[in-house]
Amino acid sequence: GRARDRLKNITSGIGAYSRLWDRLLDEYDDPGLSCQEALSRLHSLKPVAESDYKGILKLIDVVEGTYNQLDELGQLQAVHAIDVDRVANLLPPSTKMVWLRTYQDLSRRERVAPFKYFWGSLSKERGAVARLAESIGTSTRRSERVETHFTESKNKEEGKLKDKNKRYTVG
């Protein structure tokens with residue numbers, strides 16, 4: 001791809017690794033671009049229903065990835081209160097309520113740049129949501145197995161009944 005094209009003319013030898021690394025940094029080490037990319041991921045999120053636990057987990061995972069990326073760049077302040085509000089409005093009411101309670105406890109200064117507190121609130125919720133997603137998945141699989149077993153048993157009984165009826169038919 002693009003990186004290979006940028007590096008293909010650097011030959012091996014003494015200092016090649018350093019030249020390769022410098023070229024990559026020149027090309028890709030742009031904190032502003034990284035911040036924009038992280039914010040665009042937050043802005044591309046879709047609303048999640050109350051019972052869509054897998055969807056909630058997916059949303060929380062995107063927020064976590066964005067938080068980690070911006071934290072590594074030292075740019076958590078790039079996510080403003082309006083960005084947090086946009087994402088919070090995509091959450092189901094019960095999860096949003098947890099965040100709003102946390103938000104009420106923040107100082108004025110913290111409310112201006114609440115992203116780290118928002119992530120802290122979501123990270124606490126993540127464990128519970130993951131358990132709910134797993135329990136729903138487990139009960140769905142269990143009910144599918146029960147339904148399959150019931151259908152198989154019913155089909156066997158109907159088959160036996162047909163065989164029995166064939167034996168006693170006159171004709």
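This is a predicted model: local features need pLDDT of at least 70, side-chain atom pairs count only at pLDDT 80 or more; totals for chains, interfaces and linings use all residues.

**Rings and a helix pair**

So, let's start with the aromatics: Tyr67, Phe115 and Trp119 are joined into a cluster by ring pairs. By a ring pair I mean Phe, Tyr or Trp rings, taking the six-membered ring for Trp, with centres within 6.5 Å; planes under 30 degrees apart are stacked, over 60 edge-to-face, and the rest tilted.

Residues are numbered from 1 along each chain as its sequence is written, and side-chain values use heavy atoms, leaving out hydrogens and water.

Quick overview, then. The protein has 8 helices and 0 strands, where helices are DSSP runs of H or I with at least four residues and strands are runs of E with at least two, numbered from the N terminus. Buried residues, meaning under 20% relative accessible area with a 1.4 Å probe and protein chains only, make up 23% of the 171 residues. If you take contacts, so heavy atoms within 4.5 Å, with a separation of 6 or more, 66% of them are between residues 24 or more positions apart.

Back to the rings. How many aromatic pairs turn up in a search of the whole structure? There are 4. One of them is tyrosine 67 with phenylalanine 115, a tilted pair at 5.7 Å centre to centre, with 50° between the planes. Tyrosine 67 sits in helix α4 and phenylalanine 115 in helix α8, residues 115-168, so you've got distant parts of the chain linked across 48 residues. Both of those residues are buried. Then there's tryptophan 99 with phenylalanine 118: the centres are 5.1 Å apart and the planes are at 80°, so that one is edge-to-face. Tryptophan 99 is in helix α6, residues 93-104, and phenylalanine 118 is in α8, so the pair ties together parts 19 residues apart in sequence. Again, tryptophan 99 and phenylalanine 118 are buried.

Now the helix pair. The axes of α3, residues 31-43, and α4, residues 53-73, come within 9 Å and cross at roughly 165°; axes here are lines fitted to C-alpha atoms over the stretch in contact, with angles from 0 to 180 degrees between N-to-C directions. That makes α3 roughly antiparallel to α4, a label for angles over 145 degrees. On the α3 side, Pro31, Ser34, Cys35, Glu37, Ala38, Arg41 and Leu42 take part, and they meet Val62, Val63, Gly65, Thr66, Gln69, Leu70 and Leu73 of α4. That contact divides into 8 nonpolar, 4 polar and 2 charged residues, with Ala, Val, Leu, Ile, Met, Phe, Trp, Tyr, Cys and Pro counted as nonpolar, Asp, Glu, Lys and Arg as charged, and the others, including Gly, as polar.

Is threonine 66 buried or exposed? Buried, with a relative accessible area of 0%. Leaving aside neighbours within four places in sequence, threonine 66 is in contact with Ala38, Arg41, Leu42 and Phe115. Valine 63 also counts as buried, at 0%. With the neighbours within four places left aside again, valine 63 is in contact with Leu42, Leu45, Val87, Phe115, Phe118, Trp119 and Leu122.

Note on methods: Angles under 35 degrees count as roughly parallel, over 145 as roughly antiparallel, 65 to 115 as roughly perpendicular and the rest as oblique. Buried means under 20% relative accessible area, exposed over 50%, partly exposed in between (1.4 Å probe, protein chains only).
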